[in-house]
Amino acid sequence: MEPDRLERESVLRVGQVSAVTGRKIFISVDSDKNLSELFFDGDVLRNIAVGSYIDIRKGFLSLVGKVEGENAQGDDRKPSQLAYMNGQRVLSVALAGFLDRSGAFFGGTKELPLVGNEAFLLTKEKVHQIHNLVNSAGVGLDIAQSEYEGYDIALPVDGLINSHIAIFGNTGSGKSNTLAMIFQEFISKMRARNIAAFEQNCKILLFDFNNEYIRDNCLTAHKRVYGLTTRNDTGDKIPLGGSGINDIEILSILADATEKTQKPFFKRVLALQQRVTAGGDATEHFRNILRSQIKQILQMSDKLRVDLLMDYLRQLLPDVDGEGMPVEIAADLEWHNTMAEFRCRGVFLKSSPDHIPNTFVYSHVENWNFSGDTISDLIAFAYAQLIYDVLSNRAQNEHISPAINKLRSKQADIRKVFDPAGHGNIFTSNVVVIALGNVNLEMKKTIPLLIAKKIYEDHKRLGEGRSLNIIIDEAHNILSRESFRESESWKDYRLETFEEIIKEGRKFGVFVTISSQRPNDISQTITSQAHNYFIHRLINQKDLQSIASAVSYIDKITEESIPTLPTGTCIFSGIAGQMPLKLAIKPLDEQLQPKSTTARFSDIVPAT
């Protein structure tokens, strides 16, 4: 062996393997390697300690292990002395992977060391080999440093961005910076690589529940922000495209329609609307439908159903006459219990149906007109179809009317956030931020579901060669199983929709990124389907348990360090890396950061 190499080896040598028990390796440390730092080639190397990596030489193979603990074996002849002062340090090591002859690192256990194999500190070169996650032909995202050694680490675009990502951490732990840093760097690298292909083939949609990512340069300057609000009519409106609100999937989501009963009803509503509007005079066509229905209603003998259908007509017909005076459509009608039929001015209508056109309700149909508002007109068609269904015993009021009432209660909010017309494209830029900070709670649950389902279905029809990244910040807002503000069936539908996207989307080029401070609240199906995890500081025991069950390949010592991680530091684990890494995510420049910084009282109350 050359003298200089012999000298290098002697400096880097830590000790030798003293025991191999299953996958646990024990290394006896040389007595002259108990200092905290070593000098080597002009560099200061941190000596071996808990949490650092170690190189175990077995022939031509370098086995890489992570130190999980250490103890000291004292000299039995001097029991009064402290073991670490007069004994030998023993490291407990878990194998993380190995370096082959070419210097490539592979995670996992290929073989175990032998007792007597020498153990060495990792040189800077070998640390880079272990942390080199980007192959020679790949594109890397320079977003982090190794927390222990302080070396720059690039994460691969292929393996990270084309995967499902989960970012978890308590508020103030740095998860917003991590999310912004990942996609800021990705967008920048892709635009530099081929701006035309990136804008045409890659789409990114971010649901921003707290308006954190709306700054001009956050993520990218080349983005479209939809600043939605339900407080007034001044906010942006999302174009629904295609058939607009008359799309059965969009309509079902807005009305919280059940799959088996209410959704088929709305399909009949849209079919009725299509038949009426396809003709020459849609207004007169609809009036004739109402006249025909009124004739049937006024000849019925079932008082309960008659009252119900008259209530529907009150919802349909104007509540004022042609001169603007309030009216009651049944003012000239009276019910005769003995005959079980209506009577108008002394004439029984079932016995004399020719007199029905003389009733006020029949003549009042002439005052009905389309409102020109897409939602109001759709509700009118819904009531007309419901009258048809009740007359033909096809539907019951208690099964259908809740969906219509839900649509009516939401119509003001729908007008404020959606452009109901069937034109326009949400992706006027290939990067879109949906800002939901000023939207009420009900629409916060509805909008992401509606848009995610629509763009997912649209993207599946595009074919190969395109990607769609859906980012959900504060994902517990819409992916939680603990919501009590909605029916159980509707909550299941919402979760099943996102679960389908995250389970099946990869094969269509659709990738989901979720960020949350409460992983335990999120559906376990969704958290377990992520390919890559960035885990910042978490304190709650239930959150830690959900992480332990979802990310099974995090070792015990790494898992135990999660509650004490510094701000900006996270555990990265997943298919993009060979083993879990503790990373310090680089902070973004102030003008690029999301608006998630903690308020400082020294700024709120400046000194006089």
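I shall speak about a pair of helices, then salt bridges, and finally a pair of strands.

First, the basis of the work: this is a predicted model, in which local features need pLDDT of at least 70 and side-chain atom pairs count only at pLDDT 80 or more, while totals for chains, interfaces and linings use all residues. Residues are numbered from 1 along each chain as its sequence is written, and side-chain values use heavy atoms, with hydrogens and water left out.

Let me turn to the helices. Helices (H or I, at least four residues) and strands (E, at least two) are DSSP runs, numbered from the N terminus. Two packed helices are described by the angle between their axes and the distance between the axes. Helix H12, residues 397-417, packs against helix H13, residues 441-460, at an angle of about 75°, and their axes lie 11 Å apart. The axes are lines fitted to C-alpha atoms, for helices over the stretch in contact, and angles run from 0 to 180 degrees between N-to-C directions. H12 and H13 are therefore roughly perpendicular to each other, a term that covers angles of 65 to 115 degrees.

Which residues make the contact? From H12 come Lys406, Lys410, Asp413, Ile414 and Val417, and from H13 come Glu442, Met443, Thr446 and Ile447; contact means heavy atoms within 4.5 Å. These residues divide into four nonpolar, one polar and four charged.

Next, the salt bridges. A salt bridge is a side-chain nitrogen of Lys or Arg within 4 Å of a carboxyl oxygen of Asp or Glu, and by this rule the count comes to 35. One network of salt bridges links Asp256, Lys406, Lys410 and Glu442.

Glu199 and Arg191 also form a salt bridge, at 2.9 Å from N to O. Glu199 is partly exposed at 38% relative accessibility, whereas Arg191 is buried at 18%. Here buried means under 20% relative accessible area, exposed over 50%, and partly exposed in between (1.4 Å probe, protein chains only). In the salt bridge of Lys263 with Glu259, the closest N and O atoms are 3.7 Å apart; Lys263 is buried at 8% and Glu259 partly exposed at 46%.

Finally, strand S3, residues 37-40, pairs with strand S4, residues 43-46, in the antiparallel sense over four bridges; pairing requires that DSSP finds at least two bridges between two strands. Glu37 has Arg46 of S4 as its bridge partner.

Note on methods: Angles under 35 degrees count as roughly parallel, over 145 as roughly antiparallel, 65 to 115 as roughly perpendicular and the rest as oblique. Ala, Val, Leu, Ile, Met, Phe, Trp, Tyr, Cys and Pro count as nonpolar, Asp, Glu, Lys and Arg as charged, and the others, Gly among them, as polar.
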